[in-house]
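Could you walk me through this model in my viewer, one selection at a time? I would like to know what to select next and what is there.

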Amino acid sequence: FFFQAEDGIRDAQESRGLGDVYKRQLLSLLVLFMLVGVFKDPENLSSQKIKNLEVEPEIRQAFQQWIQENEKLYGSTNEQDERLLIFRKNYLKVQEHNKNPNSDFKMGLNKFSDLTEDEMKQYMGFKQDNL
């Protein structure tokens, strides 16, 4: 009787173990499909995410004009889309500052308007430990 109970427990463990194996395989496949989807064309995904973000027509037009005036060329559509978002942030910062009637100076766009603050600091020669 003891052996039968032990065999029954072992059978239950084996069948449960088999279910666990299937669950792990299914989870592994799911993760694999997700990774394939993400790494299949990461530039396209990033670009698609940016295109889904609504950028004001006024800012898109200002960016296109700014690109022409500054003779900017980007290596890819993805890079241009990312620079558009950075430009948008800087553009809005300039507009907000210039609305302030108490400000002693006016801000404007320049050839660096598609750079992040960190990129600008790096461009100007600031070292990380000096910041």
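**A tour by selection**

Start with Tyr-123: its relative accessibility is 51%, and since exposed means over 50%, Tyr-123 counts as exposed. Keep in mind throughout that this is a predicted model.

Stop 1: The structure holds 6 aromatic pairs. Select Phe-63 and Tyr-74 for one of them: the ring centres are 6.3 Å apart, with 20 degrees between the planes, and the pair is stacked. Colour by element and you will see that Phe-63 sits in helix H3 (residues 57–69), while Tyr-74 is in the loop between H3 and helix H4 (77–99). The two are 11 residues apart, and the pair links distant parts of the chain. Both Phe-63 and Tyr-74 are buried.

Stop 2: Phe-112 belongs to the loop between H4 and helix H5 (117–123), and Tyr-123 to helix H5, so the pair ties together parts that are 11 residues apart in sequence. Is Phe-112 buried or exposed? Its relative accessibility is 19%, so Phe-112 counts as buried.

**Stop 3: around Phe-63.** Return to Phe-63 and show its contacts. Beyond its neighbours within four places in sequence, Phe-63 is in contact with Tyr-74, Gln-80, Arg-83, Leu-84 and Phe-87. Next, select Phe-63, Trp-66, Tyr-74, Phe-87 and Tyr-91 together, which form one aromatic cluster.

Stop 4: In soluble globular proteins, nonpolar side chains tend to be buried together.

Stop 5: The largest pocket holds about 260 Å³ of space. There are 13 residues lining this pocket, and the closest to its centre are Asn-90, Met-107, Asn-110, Phe-112 and Ser-113. H4 and H5 are the elements that give two or more residues to the lining, with the largest share, 3 residues, coming from H4. Colour the lining by residue class to see 6 nonpolar, 5 polar and 2 charged residues.

Definitions and conventions:
Residues numbered from 1 in each chain as written. Predicted model: local features only at pLDDT ≥ 70, side-chain atom pairs only at ≥ 80, totals over all residues. Heavy atoms only, no water. Phe/Tyr/Trp six-rings, centres within 6.5 Å; stacked < 30°, edge-to-face > 60°. Helix = DSSP H or I, 4+ residues; strand = E, 2+ residues; numbered from the N terminus. Buried < 20%, exposed > 50% of the residue type's maximum accessible area, 1.4 Å probe, protein only. Contact = heavy atoms within 4.5 Å. 1 Å grid on protein atoms, 1.4 Å probe; cavity = no way out; pocket = protein on both sides within 12 Å on 5 of 7 lines; lining within 4 Å. Points joined across faces, edges and corners; volume = space filled by probe spheres on them. Nonpolar A, V, L, I, M, F, W, Y, C, P; charged D, E, K, R; others polar.
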